[in-house]
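The exercises below ask you to read features from a structure step by step. Try each task before reading the solution that follows.

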Amino acid sequence: MRRKLAAGNWKMNGTSAALAELNTLASIHPTPDVDILICPPAPLLSRAANVTAQSQITIGGQDCHTAVSGAHTGDTSADMLLDAGATAVILGHSERREDHDERNEDVRAKARTAMNAGLVTVICLGESLAQREAANTLDIIAGQMSGSIPDQATGENLVIAYEPIWAIGTGMVPTLEQIAEVHDFIRVRLERRFGEGVGRSVRLLYGGSVKPSNAAEIFAVPNVDGALVGGASLKAADFSPIITALEQS
């Protein structure tokens, strides 16, 4: 059975004061029935890992470089994330793809480096509104999967997050049927490429305007093993009900 995962992406939000939310979240969920991952901004990683060290909450980064080290001003390596206390990293988020012109091959190279370092990689996939309206969603997802996921992927080192770009932070959410179609498609392609064992063990998250009011119905969709949550993960009061809904799904 795939253990469900509630992942929070703080993006470029939060200072030291935000770490109190982790204490609150840990106190509400001391022994969760699902995995909980919080990905704060890089300057907070080490402190966040210290805050959650005695809890069931794990910490992840939001990006890493393809190189192990070197002259890459402003970048962070996978080993640095590990040293700071991270166990996972988000890669290929649409905001990285758009704001930093990251291509599938860039995401693949980063994922290869992260996996080699021992990090769980959460690889993000998703289509734009224009692509959705042109009925190109599955073609886009197929291309992102083949281009972004390295060959050494397993159920232990890979998590896939389907985040339709047009639903991120907009309040717009795909229908349950649309979510199911994409998640089922991803599962079939994983099994075809890596075999049933790996294909069935990779966790598939949904992301894009997930909130307490819609979490339960999203988690009831087959092949949805959790969520990658943005804004609603910043406050324990907002993220906790989503975790509870996942536990009850």
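**Exercise 1. Find which helices each supply at least two residues of the lining of the largest cavity in this predicted model, and describe that lining.**

Step 1. The helices that each supply at least two lining residues are α1, spanning 20–28, and α11, spanning 236–248. Of the contributors, α1 gives the most, with three residues.

Step 2. The residues that line the largest cavity are Trp 10, Glu 21, Leu 22, Leu 25, Ile 38, Ser 233, Leu 234, Lys 235, Ala 236 and Phe 239. Sorted by class, this lining holds seven nonpolar residues, one polar residue and two charged residues.

Step 3. The volume of the largest cavity is about 30 Å³, and the count of cavities of 30 Å³ or more comes to one.

**Exercise 2. Decide whether Ile 57 is buried or exposed, and list what it touches.**

Step 1. Ile 57 is found in strand β3, which covers residues 57–61. Its relative accessibility is 4%, and because buried means under 20%, Ile 57 counts as buried.

Step 2. Not counting residues up to four places away in sequence, Ile 57 touches Leu 22, Leu 25, Ala 26, Ile 36, Ile 38 and Thr 52. Among the residues named here, Leu 22, Leu 25 and Ile 38 also line the largest cavity.

Step 3. Ile 57 and Ile 38 lie 19 residues apart along the chain, and their C-alpha atoms are separated by 7.3 Å.

**Exercise 3. Describe the largest pocket by its volume, its central residues and the classes of its lining.**

Step 1. The largest pocket has a volume of about 560 Å³. It is lined by 23 residues, of which Lys 11, Gln 62, Asp 63, Arg 96 and His 100 are the closest to its centre.

Step 2. Helix α4, made of residues 94–99, gives the most to this lining, with three residues.

Step 3. By class, the lining of the largest pocket is made up of nine nonpolar, eight polar and six charged residues.

**Exercise 4. Work out how Arg 132 and Tyr 162 are placed and what joins their side chains.**

Step 1. Arg 132 is found in helix α6, residues 129–133, whereas Tyr 162 has its place in strand β6.

Step 2. With 15% relative accessibility, Arg 132 falls under the 20% limit and therefore counts as buried. Tyr 162, at 0% relative accessibility, counts as buried too.

Step 3. The side chains of Tyr 162 and Arg 132 are joined by a polar contact of 3.3 Å, and a polar contact of 3.1 Å joins the side chain of Arg 132 to that of Glu 127.

Step 4. Once neighbours within four places in sequence are left aside, the contacts of Arg 132 are Glu 127, Thr 137, Tyr 162, Trp 166, Gln 178, Glu 181 and Val 182. With the neighbours of Tyr 162 left aside in that way, its contacts include Glu 127, Arg 132, Thr 137, Ile 141, Val 182, His 183 and Ile 186.

Step 5. Tyr 162 and Ile 141 are 21 residues apart along the chain, with 8.7 Å between their C-alpha atoms.

**Exercise 5. Identify which residues of α7 are buried and what covers them, then examine α8.**

Step 1. Helix α7, residues 137–148, has 12 residues and reaches 16 Å from its first C-alpha to its last, close to the 16 Å expected.

Step 2. The buried residues of α7 are Thr 137, Ile 141, Ala 142, Gln 144, Met 145, Gly 147 and Ser 148. Their cover includes helices α4, α5, α6 and α8, together with strands β5 and β6.

Step 3. Helix α8, residues 176–194, has 19 residues and reaches 27 Å, close to the 27 Å expected. Its buried residues are Ile 179, Ala 180, Val 182, His 183, Ile 186, Arg 187, Leu 190 and Phe 194, and just after the helix Gly 195 takes a positive phi of about 95°.

**Exercise 6. Locate Arg 108 and find the partner of its side chain in a polar contact.**

Step 1. Arg 108 has its place in helix α5. At 19% relative accessibility, which is under 20%, Arg 108 counts as buried.

Step 2. Its side chain makes a polar contact of 3.3 Å with the side chain of Asp 151.

Step 3. Leaving out residues up to four places away in sequence, Arg 108 touches Ser 146, Gly 147, Ser 148, Ile 149, Pro 150, Asp 151 and Arg 193.

Definitions and conventions:
Residues numbered from 1 in each chain as written. Predicted model: local features only at pLDDT ≥ 70, side-chain atom pairs only at ≥ 80, totals over all residues. Heavy atoms only, no water. Helix = DSSP H or I, 4+ residues; strand = E, 2+ residues; numbered from the N terminus. Expected span 1.5 Å × (residues − 1). Buried < 20%, exposed > 50% of the residue type's maximum accessible area, 1.4 Å probe, protein only. 1 Å grid on protein atoms, 1.4 Å probe; cavity = no way out; pocket = protein on both sides within 12 Å on 5 of 7 lines; lining within 4 Å. Points joined across faces, edges and corners; volume = space filled by probe spheres on them. Nonpolar A, V, L, I, M, F, W, Y, C, P; charged D, E, K, R; others polar. Polar contact = N/O pair within 3.5 Å; in protein donor to acceptor, adjacent residues only side chain to side chain. Contact = heavy atoms within 4.5 Å.
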